[in-house]
Amino acid sequence: MARENLPHLRVLGKVSAISLILLLISLTIFAGAVGAEEEAVVMVEGFAYEVKEYPGVRGPGKIWYQYPEGSIYKFEIVYTDEGYVYKIITSYRALSLYGFGHPHLYDASGNYIGPKYYEFKVRMMLESGWGGILVRVQKGSDGEPRELGSYLAAFDGNTEGGCFSLRKLGFESETECSPNIKYGKWYYVSLRFERGNRIIARMWGNGVDLTLTLVDDDPPPPGGFGIRIVWDASKREYGIIHVDAAWLTVITPEAETVTTTITEETTVTEATTITEEVTATKTTTMKETTTVTETVEVGAEATVTETETVTEAAEVQTTTVTESITETITKTETATAPAETITETVTETATVVEQPRCLIATAAFGSELAPQVQALREFRDGFIMKTFAGRNFMTAFNAFYYSWSPYVARAEYENPMLRSLIRSSIYPLLFILDLSKYAAEPFSPIPELAALVSGLVASSLIGLIYLAPLILTIWLILRLRGRRAALRLTYPAMALALGLMFFIIAELFESSTMMMVSSSMIVLSSMALAAMLPTRILQGKKAS
């Protein structure tokens with residue numbers, strides 16, 4: 001009897017193994033969509049890797065726009081030793097802008113609604129001419145780009161070396177040269193516009209590492225970004241540039257420190273009064289003199305005049321005046337206590353990351369600014385990541401997901417069919433996440449419970465929609481071949497119950513490790529149950 005059941009057990013083992021693999025694949029697609037990078041980094045590659053020419057305004061990819069200025073130009077995707085690259089050739093000047101006129105960065109009236117402060121980085125190679133990247137490109141009333149006043153970071157090269165320059169178009173440039181800047185070599189070029197009207201251009205790779213800085217007191221309004229190539233007028237040669245990939249880093253406010261210094265001062269005033277008396281004596285001597293004149297006539301011819309002067313004793317009057325002069329000397333001493341400094345630091349940082357994190361969803365939709373990716377990120381940031389359980393689940397899964405997702409994203413960029421397939425597979429996920437969020441709304445007063453309900457609904461629907469058809473197909477094939485494969489729900493049900501028990505314990509003790517384990521168990525077991533349930537129901541009917 002045991003030997004008769006052995007083949008069935010082997011079949012059951014194979015089915016279980018296939019189901020587990022499919023579970024992991026589905027869950028990783030789920031994490032790739034909602035596990036978008038918290039930092040504001042966008043890979044804006046979005047090129048349609050099809051080897052052909054792309055003339056006119058609309059270029060490779062859905063949101064790259066070409067603006068040639070010359071009689072001869074060519075925009076195309078070509079296959080080189082570096083793989084597929086975007087190539088621009090011009091006999092005068094050409095510009096390729098990302099998202100110009102696209103609703104991700106411009107509204108219906110043509111107004112720029114994208115980030116104000118950002119860094120645009122491109123990996124590029126010059127064959128000839130002079131080229132680089134351009135930021136803060138404005139849109140004219142005719143819908144065409146206006147480059148004047150925008151910022152350009154560009155370089156040229158030759159056998160002796162070349163120069164890297166930063167300029168505001170229409171103004172003087174900052175330039176630095178290096179013998180390692182040459183045609184045919186790949187470099188990274190970035191242009192960063194920061195608060196304080198500070199513009200930083202950098203070029204690095206293949207022995208080059210140059211940085212140029214410009215502070216502009218009269219900057220242009222915010223605008224788009226793209227690639228610019230100019231022909232070599234001195235040699236009458238075409239300008240040819242290859243572009244491999246591009247990134248956008250949205251810059252949030254830098255760290256701002258507000259320092260308040262409180263100083264205590266104690267003032268002691270000591271007053272000394274000096275009074276000085278000055279006495280002045282004024283003496284007045286008064287003499288009284290009386291003169292009596294008597295005239296006696298002696299005869300007709302002679303007259304005798306006698307004068308008698310009587311002087312009385314002098315009267316002396318003495319007047320004493322005393323003046324008081326008061327002088328006050330004030331001595332002030334100030335004792336200053338040690339300053340108490342209160343430093344308040346408001347930190348909002350911009351992190352530049354070499355690889356974008358929203359890899360699979362971004363590759364599928366061509367940009368992390370795509371509405372679908374924004375909706376998935378909103379579900380994560382606005383709901384899941386605000387809970388203890390949600391944060392720990394994403395931490396556990398990201399360690400697995402990011403170990404291999406870059407390779408899948410690269411395969412998407414190189415394989416349009418794969419990209420279309422994954423893009424189509426994400427649309428049901430959008431419906432699932434919306435439904436799970438609605439299901440959790442009645443429990444929103446208790447965020448942890450709401451996150452648990454949402455996780456159970458979402459993982460169950462993922463198993464039901466993505467995996468159940470595959471398991472049912474495998475079971476039917478085995479049935480048609482005369483093999484029996486019994487699916488039992490006991491083990492995933494037990495795993496779910498155990499996960500829920502660990503979940504409660506993790507919440508009570510705020511254990512991150514236990515929460516990572518329990519949330520992963522809940523998600524995987526609920527997906528397995530939902531995926532196996534239709535087959536199990538059909539199996540029960542067949543048996544009856």
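A cavity here is a set of points, on a 1 Å grid over the protein atoms alone, where a 1.4 Å probe fits but cannot get out. Grid points are joined across faces, edges and corners, and a volume is the space filled by probe spheres set on the points.

This is a predicted model, in which local features need pLDDT of at least 70, side-chain atom pairs count only at pLDDT 80 or more, and totals for chains, interfaces and linings use all residues. Residues are numbered from 1 along each chain as its sequence is written, and side-chain values use heavy atoms, leaving out hydrogens and water.

So what's inside? There is one cavity of 30 Å³ or more, and the largest cavity has a volume of about 280 Å³. Its lining has 21 residues, with Ile 384, Phe 393, Ala 451, Gly 455 and Val 523 nearest the centre; a lining residue has an atom within 4 Å of a point. Helix α7 gives the largest share of that lining, eight residues (helices are DSSP runs of H or I, at least four residues, and strands are runs of E, at least two, numbered from the N terminus).

Arg 136 sits in strand β7 (residues 130–139), while Asn 206 is in the loop between β13 (198–205) and β14 (208–215).

How values were computed: On a 1 Å grid over the protein atoms alone, a cavity is a set of points where a 1.4 Å probe fits but cannot get out, and a pocket is an open set with protein on both sides within 12 Å along at least five of seven lines; lining residues have an atom within 4 Å of a point.
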